[in-house]
Amino acid sequence: MPTVREIQRGARDEPLTMLTAYDAPTAAIVDEAGIDVVLVGDSVGNAMLGYDTTVPVTLDQVASHTGAVARAVDDALVVADMPFLSYGASEAESIENAGRLIKEAGANAVKLESGTHTVELTERLVELGIPVMAHLGLTPQRVNQVGGYTQQGTTDDAAAEIRDLAAKHEAAGAFSLVLEHVPDELAASITDALDIPVIGIGAGGETDGQVLVVTDVLGLSESVPPFAESFGDVREEMEEAVAAYRDAVEDGSFP
Ligand SMILES: Nc1nc(=O)c2c([nH]1)NC[C@@H]1CN(c3ccc(C(=O)N[C@@H](CCC(=O)O)C(=O)O)cc3)CN21
Ligand SMILES: CC(C)C(=O)C(=O)O
Ligand SMILES: [Mg+2]
């Protein structure tokens, strides 16, 4: 399995592949396909639990989905998203919550939506033995503050702030960085500047790897960001199977 160290060193020729998963069967498919990193994203909130945003997602929910994913994955690195306000308010509580995702749920690492408030926390978690993936650019847990899911880092000041925080999180010991919905050139220059791998989503083709939400890739999501891409039409497959079952029962051909 790719270890945090292997990913951190980035000693590979091909881009890193990362995909979310929230349940055991999907995680097994993702793992068997050889995806490097499986993320139990807080996107479980909108992808699976019927919420509009990731804001209401709880630690118990992420822990439950992480358990399902970790039990199904043999090879990939399992990273669990820390949900909104499960980190940051107090150091002790942040550590306890990250610890639950590792010790109880079986994640190999945690991801936090990063900011000025997560530099020290990242350092502390890493010091304690919890690998941390940082996340900058669009940080959807801040949707109520930002007011939407628009591209970030579009002004010189905003780009400089993201650059600075990226360097600070690398120095704090993060083993990789997710960069979401920022201009391609900014993502390319941060990828150049950092030693740790940068995994992009809506950040162009010059990062060290890519991540997407699995339901977007499968063609199952109700709504998708402009930068997502579907590589299948699972929704249609499911609609057809359910309709075929209904018809078979109604016309007596099943059982
Ligand atoms: N299924 C799914 N896929 C994702 O990639 C994803 C989630 N869910 N949930 C968490 C966040 C939210 N994401 C999003 C959601 C919407 C836009 C989007 O529509 N952006 C528009 C502007 C919308 C606005 O102004 O508010 C754009 O043009 O950038 C972008 C990222 C990415 N993440
Ligand atoms: C889109 C990825 C990076 C994420 O944070 C999530 O799925 O929750
Ligand atoms: Mg997330």
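**Ground rules.** I count residues from 1 along each chain as its sequence is written, with chains lettered from A and ligands numbered from 1 in written order. Since this is a predicted model, local features need pLDDT of at least 70 and side-chain atom pairs count only at pLDDT 80 or more, while totals for chains, interfaces and linings use all residues.

**Entry 1: the barrel.** I looked up the sheet. I found a closed barrel of 8 strands, running β1-β2-β3-β4-β5-β6-β7-β8 with parallel pairing. Neighbouring strands are turned by 25 degrees against each other on average, direction ignored. Strands here are DSSP runs of E, at least two residues, and helices are runs of H or I, at least four, numbered from the N terminus. Two strands pair if DSSP finds at least two bridges between them.

**Entry 2: two strand pairs.** I checked β4 (residues 109–111) against β5 and found parallel pairing over 2 bridges. Lys-111 stands opposite Met-133 in β5. Next I took β6 (residues 176–180) and β7 (residues 198–201), which pair in the parallel sense over 4 bridges. There Leu-177 stands opposite Val-198 in β7.

**Entry 3: burial of β5.** How many residues of β5 are buried? I read 6 of the 6 in residues 132–137, so the strand is largely enclosed by the rest of the structure. Buried means that 20 or more other C-beta atoms, placed from the backbone, lie within 10 Å of the residue's own. In a regular strand, side chains alternate between the two faces of the sheet. On one side of β5 I noted Val-132, Ala-134 and Leu-136; on the other, Met-133, His-135 and Gly-137.

**Entry 4: α4 and α5.** The axes of α4 (residues 59–72) and α5 (residues 91–103) come within 9 Å and cross at roughly 20 degrees. That makes α4 roughly parallel to α5 (an angle under 35 degrees). Axes are lines fitted to C-alpha atoms over the stretch in contact, with angles from 0 to 180 degrees between N-to-C directions. I listed Leu-59, Val-62, Ala-63 and Thr-66 of α4 against Asn-97, Arg-100 and Leu-101 of α5. Contact means C-beta atoms, placed from the backbone, within 7 Å.

**Entry 5: α8 and α9.** Helices α8 (residues 156–172) and α9 (residues 184–193) pack at about 25 degrees, with axes 10 Å apart. That makes α8 roughly parallel to α9. Ala-159, Ile-162, Arg-163, Ala-166 and Ala-167 in α8 meet Leu-186, Ile-190 and Ala-193 in α9.

Note on methods
Angles under 35 degrees count as roughly parallel, over 145 as roughly antiparallel, 65 to 115 as roughly perpendicular and the rest as oblique. Two residues are in contact if their C-beta atoms, placed from the backbone, lie within 7 Å. A residue is buried if 20 or more other C-beta atoms lie within 10 Å of its own, exposed if 12 or fewer, and partly exposed in between; C-beta atoms are placed from the backbone.
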